[in-house]
Amino acid sequence: MIEFRGYISGIAQKHFFNKARKLGQYIMMASVAIFLPSIIYFSLQTKNWLLLALYCILFLVIPLSARIPQSKKQRASIIPKRIYTEEDAIVCVADKYIEYRLLSDVKQVRDFGGFYEIIFPFGKISDKFICQKDLLTIGTIEDFEKLFDGKIVRKYIAYNRETDR
């Protein structure tokens, strides 16, 4: 068993929120894009140009809406506080949710130096599995890397040092 216990911080936390924001944007943009052809067709048939214009404005509003700041309490409730393996699954626990994935579903593990990001394939995507190395309480880094042998990719992440404080 491997366990990371505690709230991520610093660069790992910044990476977590950036990833969550981008995933939210992609999901919202995809859902708007799915209905775009039918909205265009309906607008052309009814000559309702205002509907089409308002719908297209969504493509501008969605990226901006993801920039609306959340309170510290809201942000803290979605940060993973415990990530652990049990038998053939990996579990992420936060104040607001518990998320399970199969270990066999892990597509890639990105090593950013101070933390790992576990990537899953399309259909099982999750932005929650960010494991900060200094929060490892059960097991060792070697055990973790052995568990995901052949799936680990070393990455480099550059964030502005002034905003990391």
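Analyst: A residue is called buried here when its relative accessible area is under 20%, and in this predicted model buried residues make up 34% of the 165 residues in the protein chain. The protein chain holds 4 helices and 9 strands, which follow one another along the sequence in the pattern β-α-α-α-β-β-β-β-β-β-β-α-β.

The part you ask about is an open sheet of 4 strands, in the order β7-β6-β5-β9 and with mixed pairing. Its edges are formed by β7 (130–132) and β9 (152–154), and because each of these has a single partner strand, one side of each is left without a neighbour in the sheet. On average, and with direction ignored, neighbouring strands of this sheet are turned by 25 degrees against each other. As a general point, strands of a sheet pair through backbone hydrogen bonds, either parallel or antiparallel. In the case of β5 (residues 108–111) and β9, the pairing is parallel and runs over 3 bridges, and within it arginine 110 has valine 153 of β9 as its bridge partner. Helix α1 (residues 10–46) packs on the sheet, where it touches β6 (115–119) and β7, and the direction of helix α1 makes about 25 degrees with that of β6.

Elsewhere in the chain, strands β3 (residues 89–93) and β4 pair in the antiparallel sense over 5 bridges, and a hairpin joins β3 to β4 through 4 residues. Across this pair, cysteine 92 stands opposite glutamate 99 in β4. That glutamate belongs to the covered face of β4 (residues 98–102), together with Arg101, whereas Ile98, Tyr100 and Leu102 lie on the uncovered face.

For the chain as a whole, the radius of gyration is 20 Å, while a compact globule of 165 residues would have one near 15 Å. The C-alpha trace spans about 65 × 35 × 30 Å along its principal axes. Of the contacts between residues at least 6 apart in sequence, 60% join residues at least 24 apart. The accessible surface of the protein chain comes to about 10,400 Å², and carbon and sulfur atoms account for 60% of that surface.

How values were computed
Residues are numbered from 1 along each chain as its sequence is written. This is a predicted model: local features need pLDDT of at least 70, side-chain atom pairs count only at pLDDT 80 or more; totals for chains, interfaces and linings use all residues. Side-chain values use heavy atoms; hydrogens and water are left out. Two strands pair if DSSP finds at least two bridges between them. Helices (H or I, at least four residues) and strands (E, at least two) are DSSP runs, numbered from the N terminus. Axes are lines fitted to C-alpha atoms, for helices over the stretch in contact, and angles run from 0 to 180 degrees between N-to-C directions. Contact means heavy atoms within 4.5 Å. Buried means under 20% relative accessible area, exposed over 50%, partly exposed in between (1.4 Å probe, protein chains only). The radius of gyration is taken over C-alpha atoms; the globule rule is 2.2 Å times the number of residues to the power 0.38. Accessible areas come from the Shrake-Rupley method with a 1.4 Å probe; for residues, only the protein chains shown count as cover.
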